[in-house]
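Come along while I look things up one at a time.

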Amino acid sequence: MRTVDIRVPATSANLGPGFDALGLALSLHDEVEATLTGERVHVTVEGEGAGEVDLGERHLVVKAMRAAFDRIGVPQPEGIRLRCRNRIPHARGLGSSAAAVCAGILAARALAESELTDDDVLALATEMEGHPDNVAPCLAGGLTVAWSDHTGAPHMVKLAPDQRIRPVVVIPSTRLSTEAARGLLPKDVPHKDASFNAGRAALLIAALTQRPERGLLLAATEDRLHQHYRAPAMRESASLVERLRAVGVPAVVSGAGPTVLAFSTSDTQDLIAPEVGNDWHIQLMDVDPVGANVQFPETR
């Protein structure tokens, strides 16, 4: 009945022009305590998702653990006991499902004392999530660039954002599923829009890691590939992004939305709150430089 504790961060993907590629780990975390037992699956949830998520085999952390045990090649345990303390809002574009998937895979790897590599963990997490833009920063922390090679295998590079970068998340009470948001995207986009985003994504890497200046960040977070296509599903978020950008705040939709992510600089800190209504929750974040953390209680 060995227990492992997993701590996983919220993440923001896309960051404007980096569709399905860029991701940032944030200082908001879910914590999972996982124990293998000889009984049934038993899950308790505190915080976000309490009273909503499945407490049995269909719980996402349990599903991820089961998938990892299969990938490792060890017998499935008869019982799993989970205690989840959730702080990442669900269906808001902050990587809650990626955090659950990563937590489950890492818990299984630790409890099985497996030699499953970090690349294997990334591959399985991507397989379960469908794309690596959230799982990469969740696992590695910091700013990540993720891609898939010609075989479909995912890869990532971790970068260190400039310490002056302060993300601000503006979270609405409404929700939006990733599937619904992705369903609004066209199959093809104009070549000029793809070219535009390629340049802005490259500029964004430079701005986030070397020159986090208001003007550069504002230009670097422009997007033509996904946000305006998704706007009909989150009109209030799209409107807030427009208002913030109009007063000079680098703002984007976080992931698939509807949360809005803004980059707070010394000359924009006082510009955000006046544009946000009472139905939103504003939270100043740090960038999580570490990502997922695994500990055995007896070794703390």
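**Entry 1: a histidine in a loop**

I am working with a predicted model, and I keep that in mind throughout. I began with histidine 59, which I found in the loop between β3 (42-47) and α1 (60-72). Is histidine 59 buried or exposed? I looked up its relative accessibility, which is 7%, so histidine 59 counts as buried; the cut-off for that word is under 20%. Next I asked what histidine 59 is in contact with, leaving aside its neighbours within four places in sequence. My list reads Val43, Val45, Val53, Asp54, Leu82 and Cys84. Of these, Val43 and Val45 have numbers that lie within the range of β3.

**Entry 2: helix α2 by itself**

I moved on to helix α2, which covers residues 96-111 and has 16 residues. From its first C-alpha to its last, α2 reaches 22 Å, close to the 22 Å expected at 1.5 Å a residue. Just after α2 I noted glutamate 113, which takes a positive phi of about 50°.

How do α1 and α2 cross? Their axes come within 7 Å and cross at roughly 45°. That angle makes α1 oblique to α2. I also wrote down that the crossing of α1 and α2 is right-handed. On the α1 side, the residues that meet α2 are Leu60, Val61, Ala64, Met65, Ala68, Phe69 and Ile72. On the α2 side I found, among them, Ser97, Ala100, Val101, Gly104 and Ile105.

Then I turned to helix α3 (residues 118-129). α2 and α3 pack at an angle of about 140°, with their axes 10 Å apart. They are therefore oblique to each other. α2 passes α3 in a right-handed crossing. The contact is made by Ser97, Ala98, Val101, Cys102, Ile105, Leu106 and Arg109 of α2, and α3 brings Asp118, Val121, Leu124, Ala125, Met128 and Glu129. I noticed that Ser97, Val101, Ile105 and Arg109 of α2 are listed both for the meeting with α1 and for the one with α3.

**Entry 3: a four-stranded sheet**

In what order do the strands of the open sheet lie? I read it as β8-β9-β7-β10, four strands with antiparallel pairing. The edge strands are β8 (251-253) and β10, each of which pairs on one side only. Neighbouring strands of this sheet are turned by 20° against each other on average, direction ignored. Helix α9 (residues 235-246) packs on the sheet and touches β7, β8, β9 and β10. The direction of α9 makes about 165° with that of β8.

**Entry 4: strand by strand**

I took β7 (residues 166-172) next. Six of its seven residues are buried, so β7 is largely enclosed by the rest of the structure. Five bridges join β7 to β9 (residues 260-264), and five join β7 to β10 (residues 280-284). I looked up some of the partners. Valine 170 stands opposite valine 260 in β9, and valine 168 has alanine 262 as its bridge partner there. Over in β10, isoleucine 171 is partnered by histidine 281.

Why is β9 largely enclosed? Five of its five residues are buried, so the rest of the structure largely encloses it. In a regular strand the side chains alternate between the two faces of the sheet. For β9 I found Val260, Ala262 and Ser264 on one side and Leu261 and Phe263 on the other, all buried.

β8 is joined to β9 by three bridges, and valine 252 stands opposite leucine 261 in β9. The hairpin of β8 and β9 has six residues between the strands, and there glycine 255 takes a positive phi near 60°.

**Entry 5: an alanine in α6**

My last stop was alanine 207, found in helix α6 (residues 191-209). With 0% relative accessibility, alanine 207 counts as buried. Not counting residues up to four places away in sequence, alanine 207 touches Pro212, Leu216, Leu217 and Ala220. I also looked up its separation from proline 190, which is 17 residues apart along the chain: the two C-alpha atoms are separated by 26 Å.

How values were computed:
Residues are numbered from 1 along each chain as its sequence is written. This is a predicted model: local features need pLDDT of at least 70, side-chain atom pairs count only at pLDDT 80 or more; totals for chains, interfaces and linings use all residues. Side-chain values use heavy atoms; hydrogens and water are left out. Buried means under 20% relative accessible area, exposed over 50%, partly exposed in between (1.4 Å probe, protein chains only). Helices (H or I, at least four residues) and strands (E, at least two) are DSSP runs, numbered from the N terminus. Two strands pair if DSSP finds at least two bridges between them. Contact means heavy atoms within 4.5 Å. The expected span of a helix is 1.5 Å times one less than its number of residues. Axes are lines fitted to C-alpha atoms, for helices over the stretch in contact, and angles run from 0 to 180 degrees between N-to-C directions. Angles under 35 degrees count as roughly parallel, over 145 as roughly antiparallel, 65 to 115 as roughly perpendicular and the rest as oblique. A crossing is left-handed if the near helix is turned anticlockwise from the far one by less than a right angle, and right-handed if clockwise.
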